Amino acid sequence: MIHTRTLQALEYHHITSHLSSLCISGVGRERALNLTPLDSAEDVNLAARVYEEAADWSSRPTPGGAVFTLNAFPDVSGFLHAAQTSRAHAFQPDVDAFWALREVLRLARDAHAAIAVPDAPRQWPHLLAMADGAPLPMQLTAALLRCISDDGLLKDESSPELYRLRGELRRLHQNCMRKVKDFALQYNMLAYLQDEFMTLSSDRYVLPLKANFKGRMQGIIHDWSQTGETCYFEPMFLVEINNRLQELKREEREEERKVLLYLRGLLEAELPGALAALELLAQLDLLQAKRRLAALLDGRCLPLTPVAEGIQLLEARHPLLMLNRAKAASSAAAQGAKGAAPSAASVRPLDIILRPGERALVITGGNAGGKTVCLKTLGLIAAMTLSGLPVPVGAGSHVPWFSRMDAFIGDEQSLEGNVSTFTAQIEHLAKAWKHLDASGIVLLDEFGAGTDPAQGAALAQAVLDELLDKHTFVLAATHFPALKSYALTREGARAASMLFDPQSKKPLFKLAYDQVGASQALDVAREHGLPESIVRRAEHYLLQDGQDATTLLGRLNDLAAQREEELVTLRQEQDKARTATKLEREKMEKERLRLHDEVRAKATELMRAWKEGRATHKQALKEMSRLRASLATESEATQSRSILPSPEHFVVGQQVLHTIFNKRGVVTDVDERRSRVRLDMNGVNLWADMKALRIPGRQAAPSPTGKSSILDSTPRQPVVPESGGSARPAGAADGASLRLDMRGHRADVALAELERFMDKALLAGFREVEVVHGRGTGALRKQVHEFLRAFPAVETFSLAPEDQGGDGMTIVTLR
């Protein structure tokens, strides 16, 4: 449950309002405005899967070759509600209502046909289940398409009797036109008429007669023009025709009423199907609006993970800031403004992370540095995720299921209710306290700041203690020095600081973890125009009190800002290395395919020549030998470009990779004169050319203590399938693996070495690495797994099989 007050504090209604504007129907807009967080984690995960399937479905062509497009459709919810609740005699729909229902049912039928394709159970099963939630009213749809025309009128073919009556009306009209024309010519009446054409007045055929000639003919005057110069005159010879016309029109109206009663009966019989059709279109409209929102936010639907995995929002951006930037860019483009329009990408991203075992994040830093924005970013992204909406975060992000969220953000004082900001926060927290548990989250913005600083800080620490005891997630933004030291020392809590530029003192809107920041109140006051004399006096009083830690915290901020720049540079280098490795692999694969096709073509030609007698057996063997020699030359040239290092010299006991057989072995003998070595590959001994060997991992020198080095080149043995064939070991481009042995090292040293090791493995293009941490008490293994879980380049990791180390070694797969 997320309280309405919390949603208002997070400005969630702005999200639903914008989502509503992206819908194309009234019923879709109403759905968007009423969208709230879902009731269970299963509902959230289902909504995310349906969203992904709908995105896939909307981009694929239908069996007819076109992509289905959901066009605007009328809102018939009121019409269907009236049919559901009104009594039969009180429910009298008209043609316009049935035309609107016809459009809805036709579009729902087409949408269902586009979803229920033969591959639907495999490609989008949840979307198909949503479409098949209730059967569509096929009989009512067919009847409406047969009876209602595109312009909203009843068709002649609605019933045989209506077809007959309208045919007779058309013949009557033609007969009347002919008689009027003959009469006018016979009695030279054209001079008496204002117009040559017959018209209708009081639903009868009349002639527009000039007023001064009204006594020249016998008949009935039905009406006059506004000027009085024209009277609408019914000659006596038209009276009988008009009487017949009235009879036919009365019969036509009666027949139309019968058709509408027939359609009403079909609607009452298939009302659940009509409601299901409208429900399907409303859900598709909302899904389409979600995709448009995702395009504006550059967002995705987040998966819900177990609470034990913590919170990880990578490159998270505030959704409302993204929408405002996108709206500004759209307005500038529409007005043709010169210069670069602001883009959504310019919103500063944040990494908001609570690792497994951590439940509290205490954010410090300068005023206007982004602490409140950080809290609102997490809160709004969590609320949108629980509502099944896409959010602006990077790949690898996840949040757990929150059964309750409470936000204490902003000024909640009320003069009318005689409530101060501090009192309002306490009252709301007291009401929510009994509902908070391990699946809840609390956002505290300057909690306790509205009273005595010492008492407020003590109260804030006590609240955090109790929340941690409840295992409730909590994010707190504060300026209290006591909370800064609390976050650095309390188990389960983590400190973070909003960084600012060391030179300009401007906020960088970045989080630096495991450190606290200065409040920068005096710098902010100076920047916003407070007289310099006041600022200097404040600095003087601060020094007198002996509480100025600005220099120390500023130094920490500078180091953190420098580290952030280095991390950005490192990520860029990693991306470049991955791109280069990928291009090299693609190039080698193309070369391999080219050689394969070339050899196959030459071998086929050689076999054909031998069978046709154009070459002898000896000539064929000679040509095959020449072909193998040329292939070996090209293979050596290709291997020389391998990303694995070539050994400068070989020693007995060294482990190497045989690139031709793609197998690993141990050197048992070295023949320097012939440039070859003897290998033992799982009991198979053979001599191998040195040019065909590579080192799967560089061998480090033994440590003085005799323990294994940090980088151990000992690879796992390659996997051999049970029934023929060969299996390539996971690793770099040629199957190599890399191993790190951390046994005997302290946890902090081992984790630092692990971080360097992972960076080197990524730069070298390895796909899989092995981390040896030993069994022991399991403490080092636990810390290694926590590090791997938070490392962005790790795709999966698991303990090794028992015959390869068991729980003493972890096998890591990189992205």
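1. A residue is called buried here when its relative accessible area is under 20%. In this predicted model, Asp671 has a relative accessibility of 16%, and therefore counts as buried. Asp671 belongs to strand E16, which covers residues 663-671.

2. The side chain of Asp671 has two backbone nitrogens to consider. A polar atom of that side chain lies 3.3 Å from the backbone nitrogen of Arg673. For the backbone nitrogen of Arg674, the distance to a polar atom of the Asp671 side chain is 3.4 Å. Once residues up to four places away in sequence are set aside, Asp671 touches Arg676, Trp687 and Met690.

3. Helix H4 takes in residues 41-58, and its length can be checked. Its 18 residues, at 1.5 Å a residue, should span 26 Å, and the C-alpha atoms at its ends are 26 Å apart, so the two values agree. Buried residues of H4 include Ala41, Val44, Tyr51, Glu53, Trp57 and Ser58. Among the elements that cover the buried residues of H4 are H6, H12, strand E5 (304-305) and helix H14 (371-386). The cover also includes two helices, H7 (120-123) and H8 (125-131).

4. Which residues of helix H5 (residues 77-85) are buried? They are Phe79, Leu80 and Ala83. These residues lie on the same side of H5, because the arc they cover around the axis is only 95 degrees. An α-helix has 3.6 residues a turn, so residues three or four places apart point the same way. The buried residues of H5 pack against helix H6 (95-115), helix H11 (236-269) and H12.

5. Helix H12 (residues 271-297) contains Ala282. Is Ala282 buried or exposed? Its relative accessible area is 1%, so Ala282 is buried. Leaving out neighbours within four places in sequence, Ala282 is in contact with Val27, Arg31 and Phe73. Asp75 is 207 residues from Ala282 along the chain, yet the C-alpha atoms of the two are separated by 9.5 Å.

6. Two backbone angles deserve a look. Glu315, in strand E6 (residues 311-316), has a phi near 55 degrees, which is positive although the residue is not a glycine. Its relative accessibility is 47%, so Glu315 counts as partly exposed.

7. Asp514 also has a positive phi, about 60 degrees, and is not a glycine. Where is Asp514 found? Asp514 is in the loop between strand E14 (507-513) and helix H18 (521-527). With a relative accessible area of 44%, Asp514 is partly exposed.

Definitions and conventions: Residues are numbered from 1 along each chain as its sequence is written. This is a predicted model: local features need pLDDT of at least 70, side-chain atom pairs count only at pLDDT 80 or more; totals for chains, interfaces and linings use all residues. Side-chain values use heavy atoms; hydrogens and water are left out. Helices (H or I, at least four residues) and strands (E, at least two) are DSSP runs, numbered from the N terminus. Buried means under 20% relative accessible area, exposed over 50%, partly exposed in between (1.4 Å probe, protein chains only). A polar contact is a pair of N or O atoms within 3.5 Å; within protein, one must be able to donate a hydrogen and the other to accept it, and residues adjacent in sequence count only if both atoms are side-chain atoms. Contact means heavy atoms within 4.5 Å. The arc is that of the directions from the helix axis to the C-beta atoms. The expected span of a helix is 1.5 Å times one less than its number of residues.
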